[in-house]
Amino acid sequence: MRPLQLHDRWMDAHAAVAQRFGTEIVSIISDPKKEYSHVRDAVGISDFSHMQKFNVPEEKGLDFLDNLLAGNVAKVRFGRVLHTFLADNDGFLVADCFMANNDEELVLLCESIVNDAALKTVLNNNGAQEAGLVDLSENHVVLGIDGYKAWAVVKDLFGADIVGLPYLSIERFSYEGENVRLFRAGKTSEFGYLIMAPAQCAESLFLKCKELSEKYGGGLCGLNIHNDLRLEGRFFNIFAEGLKVRDPLALGLQWMIDFDKEKFLGRDAILKRRSAGLTHKIIGISLEPGAGELKPGAPIFNGPEKVSEVVASCFSYVLNRSIGLALFPVAIAYSGLSFNLGAPNGPVIKTISMPPIMPKSLSVKLDEM
Amino acid sequence: MRKRVVVTGMGVISSAGSTLESFARSLTEGKACFSRISDPRLAHFRAKHAGIIADFDKQEIRVAKALPRLDRFHLLALAAANSALSHASLSPIQLSSRMGVIVGTCSGPMLSIERHYERIIKNNPAISQEEIFVKTYESAVKVLAYAYGISGISATVVTACSASLGAIGLATDLIRLGVADAMLVGGCDTLSPTTLAGFDGLKATCETTCAPFSKPFGLSLGEAAAFMVLEELDHARKREAPMFSEIAGFGLSNDAYHCTSPDPSGSGQVLAMESALIDAGIAPGEIVYINAHGTGTEANDKTETKAVRRLFGAYAESIPVSSTKSMVGHCLGAAGCLEAIATIVCMQRTKVYPPTANFSGPREGCSLDYVPDAGRPWTNHGPVMNNNFAFGGNNASMVMTPCVSGRSTPPDRSISEKIVITACGLVSPAGVGKDAFMAGLTNNIPFTRSVVYPYIGTITIAAVPRFDMRTIDRRLDVHSMDKSSVFAVAAARLALQEANMRDRSAIRDGLGLFLHCASGSTASESDHIVSLLNDDYKVRQVTAFPYVVPNSITGNVCKALMLAGPNSTLCFGKGAGLMGLGFSWHALRNGHAAAMLSGSVDELLPRTLTDQVLSGILRPDEEAPGEGACVFMLETLSHARRRRAPELGELCSIAYSTDTTFLTTPDSTPETLEKTIRKALSEAGIASPQIYAVCHNVRAQTEKQAIDSVMGPSSQYKSFDVSTTLGCAAATLPLYNLAYAILDSSFETSGSKNYILSVFSSMTGANCAAIIRKYVQHDQRDARLH
Amino acid sequence: MTKEMQDFIDRRKKVIDTFKSELIRRLNLPYNADDLHEDVALLGAGLGLDSLDALEIVLCIENSFNIKIPDQNISVLRSINTVVDYVIEQQALKAGT
């Protein structure tokens, strides 16, 4: 297992830890509602070090990564980040990836549903060593700063220039003399940043972020709440619906794929499924307040017929109801329909348009395009 | 030694006044000179007001009688130019080819262009040669040259909102190098439904009248013509001309960001301003006033404020920064020169800072001293700055100093070293790249095919075959770019590759790009205008308008290749590629960059071809129109040596003249071209027997006669004309010919007979001759060792 | 599947299909209609369209469906589904139902 670099500091904060795909993660501090509120109403600091982190020199790395990932790595402009995925040979998801063009180096951050070793195997089997890929997972942390005040924390850390950083971009900064990579790339639909920092300054950076988050009325968060936040913001979560469904097409991730690219892992299988046509598609669902709770695995009925199962769910504090995702046959995968949960006469469940919430961050104008 | 440039005459026609006195008065009073747009076809637009010129009497313009079809665009330009020349008490005829003219515009003769489209959608596309001439962007300089006897260099800057500021800059460069003693320079744009609809569709317009840096958001358009006479200092002194200001420096840059939105970080704008200050040898802390671009749009005003703060730091708070657009509106191509004149008259005459009118308190993100509402006494005397930031990411900045300041000479940043050609990026009907180009020419089989167009039937064209950009560079995203941009991006990228230019920061910060076109019309012009005309001017789509101006092509190249350096787009009519080469050369010699990409692009547009055949300009049996792009890399010798770049040749001289006899007589004479060729030879310091190759149009009688007079028997040199194989790309053909001569390795050196003469003479009176020294194999081989 | 459900789906599908094909055409998107999941973000994330594209989308919606979109419209343009919801709602208002 890959332990948390900041394990002791999280223990100081009385966090509960867990294991996920061979990596230690912070699951929760204490109160999910409080953690939710940190992100939705102020700023939350989370530990995203479970991400596998790599860098590779651009010269050979460009082809290596372009042949691997589904999106077009070659066309990523200097300073920008590509949000895409890595699939296996059968075209099923292995990792949700951010690929950044950081001028002469390409940086890869992966949230994988395989452990470190398995991911490394895939990379090595596809030319990682020849390309000069370096694994930075062990000696770097990734801190997530999410929330509509996230920019204020990052501004205090690195200066006013960050205010102009567009979504999905990367910038180099210095912290205590160490090189730190700042990504603007959140998955909660609030402003979100990831700071990838070397172990040497990790602790100091973490404590500083914690202090700043409290200054702006926020605090520390675990990763459990991010499952809820992602679902509410309708950001793909490989650990929830990704793990259950695995097919990027049914998950609606076509936007992560460059279908015109000649080569990427799983391309043939994915293109074949694409021409055959989708049979099922993921769609948002919602229960009335007070009608119970959506649980993954719970069946969904259209009249007497079972048509689907809940694949991911959470309680949305903002909407005061249970929402979720389910995989429906395409003929009925439309927003605005009514079905029944659990049994043909169970509570009414509706298909809904996503995203269902208006994040505070959308009402704030940062200097952005 | 770099010469100094002063302003000796000014003329304006605008909604704020058509004399310098009335203009100055409006500015001092902070009078917002807008009126309601009365055209009922335009009543549904958000924009209800514009800076409309009242009481313009075209009867006063003599030339208008000789050329009855002139557009309002020409008439306004003629009137303002006349004022400027009178003000300067200068008669261009006396300077002969030592005086030239450069005009900046956004939409040129758009009213005439629209009128033709109105006929076109009614299935009546017939058009005469005269009407075509009047519809071209480059017609203004020809008309001005004709009316006022100007016979030196002429060019049209088509960089939209920064065009005339760019024109002033380019003209300044020419005078500094002694290419001209005086230049008539300025800008003009009329108010047209096309342009109004374009900005309105982008939701950039203001519903009331604009309030730069304040509220409400949005711009108001204006029509105007503004001209200056720029003169070399000693020349002005000798004739005791009053001098109103000195052009101390200017800078150009590109955001390399987005076709309409400015880079929110302000980096591109900072780079332009910084370059201007460096060019002038002036520190930011010396600037006493800034005339802002200040359109009033949310994006511009916020970004501009940010850029000013970034560059000037704490000092920014102390500089008055005002937008004269608050009084005259956004006059597009005329804005640069109009605002420069506004700055000068306020600085010299009224001694009051021009205010930002209609100011009811600063908007969010805008926190400088905008000189709200009324003019304040001009207290600090010293250098001033003018800025314009255009679509396509083109940024222009200029520093002027008052003539009485007694300031020391601006630094001489001119360079005397050679300028070499280190690459030829080629996209042609023969294919992509120089190998395909040379192979195609060796085989000598024409790359032409027949096409059928409505109204004109079958014609032969030479089109660029489809190609996959990925074969050139997988990193280039040209999806949704028009063909012109794709050709230009490809050719520029090939030039970078062949010049072995890899250093990312060199590309990003220093490398310039001048791209030239024959016509101001793009594929998008047709899309935009026809869409409007078919639907009572209702805006149904916005993706075409940003690409109506050819500057969008340059913007696309800069964005794709991350080029942030000096850039411009010039329109010359036919032969643009060769004509434009000189401007890049002058930019390098003035020290604005150590390396520049310079080239041209053509696209076969059915609209243009139809017009040309219907009018008789293009005779399909004699000529096959072509398309493609050719981009050269020009560098200072030391820069090329440092990079161990391949050295293909040296640009030794380039001479220009403008001959407007075509407006009154059907036959053009070869004498002017002959003189131009001799001038090029003399400036290169060589004699005609040293020319081994002549690049020209073998079928053009004027060129042939001029060349014969200079060169003697044609057995003494090799002719390079690729038109039978590659067709006639209007702008790019002369560059193809030159590329062919440069890349042709069958040439054997013999002593000093190693020069290429490249000649072009257009039907509309533009003449150009360039001398290039070819570097032979062993020079190239050494360079390639790296 | 009840007739009511089928009618509802058909009505919604018609709006979805029209909007998707216009979107693909006007913005030159490298995707088929089936590649565009109805919940994918249009601006910023997902398709990552910019402010100029947003203006084009607004015109596209206004022209295709003959309705007006307010200037402050970020909530409408979040995904294809939110656009379709708005269109259907406006069409219903116009029809007075």
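**View 1. Right-handed crossing of helices α5(B) and α18(B) in the predicted model.** In this predicted model, α5(B) passes α18(B) in a right-handed crossing. Two packed helices are described by the angle between their axes and the distance between the axes; here, helix α5 of chain B (residues 110–120) and helix α18 of chain B (residues 523–533) pack at an angle of about 65°, and their axes lie 10 Å apart. On the side of α5(B), the contact is made by Met110(B), Ile113(B), Glu114(B), Tyr117(B) and Glu118(B), while α18(B) contributes Glu525(B), Ser526(B), Ile529(B), Val530(B) and Leu533(B). Sorted by class, the contact between the two helices comprises six nonpolar, three charged and one polar residue.

**View 2. Helix α19(B) and the residue that follows.** Helix α19 of chain B, spanning residues 551–561, is mostly covered, with ten of its eleven residues buried. Among the buried residues of α19(B) are Asn551(B), Ser552(B), Thr554(B) and Asn556(B), together with Ile553(B), Val557(B), Cys558(B) and Leu561(B). Met562(B), which follows α19(B), has a positive phi, near 55°.

**View 3. Surroundings of Ile102(B) in the largest nonpolar core.** The largest nonpolar core has 111 residues, of which Ile102(B), Met228(B) and Phe583(B) touch the most other members. When neighbours within four places in sequence are left aside, the contacts of Ile102(B) include Val141(B), Ala155(B), Val157(B), Leu170(B), Leu174(B), Met183(B) and Phe583(B).

Definitions and conventions. Residues are numbered from 1 along each chain as its sequence is written. Chains are lettered from A and ligands numbered from 1 in the order in which they are written. This is a predicted model: local features need pLDDT of at least 70, side-chain atom pairs count only at pLDDT 80 or more; totals for chains, interfaces and linings use all residues. Side-chain values use heavy atoms; hydrogens and water are left out. Axes are lines fitted to C-alpha atoms, for helices over the stretch in contact, and angles run from 0 to 180 degrees between N-to-C directions. Helices (H or I, at least four residues) and strands (E, at least two) are DSSP runs, numbered from the N terminus. A crossing is left-handed if the near helix is turned anticlockwise from the far one by less than a right angle, and right-handed if clockwise. Contact means heavy atoms within 4.5 Å. Ala, Val, Leu, Ile, Met, Phe, Trp, Tyr, Cys and Pro count as nonpolar, Asp, Glu, Lys and Arg as charged, and the others, Gly among them, as polar. Buried means under 20% relative accessible area, exposed over 50%, partly exposed in between (1.4 Å probe, protein chains only). A nonpolar core is a set of buried Ala, Val, Leu, Ile, Met, Phe, Trp, Tyr and Cys residues joined through side-chain atoms within 4.5 Å.
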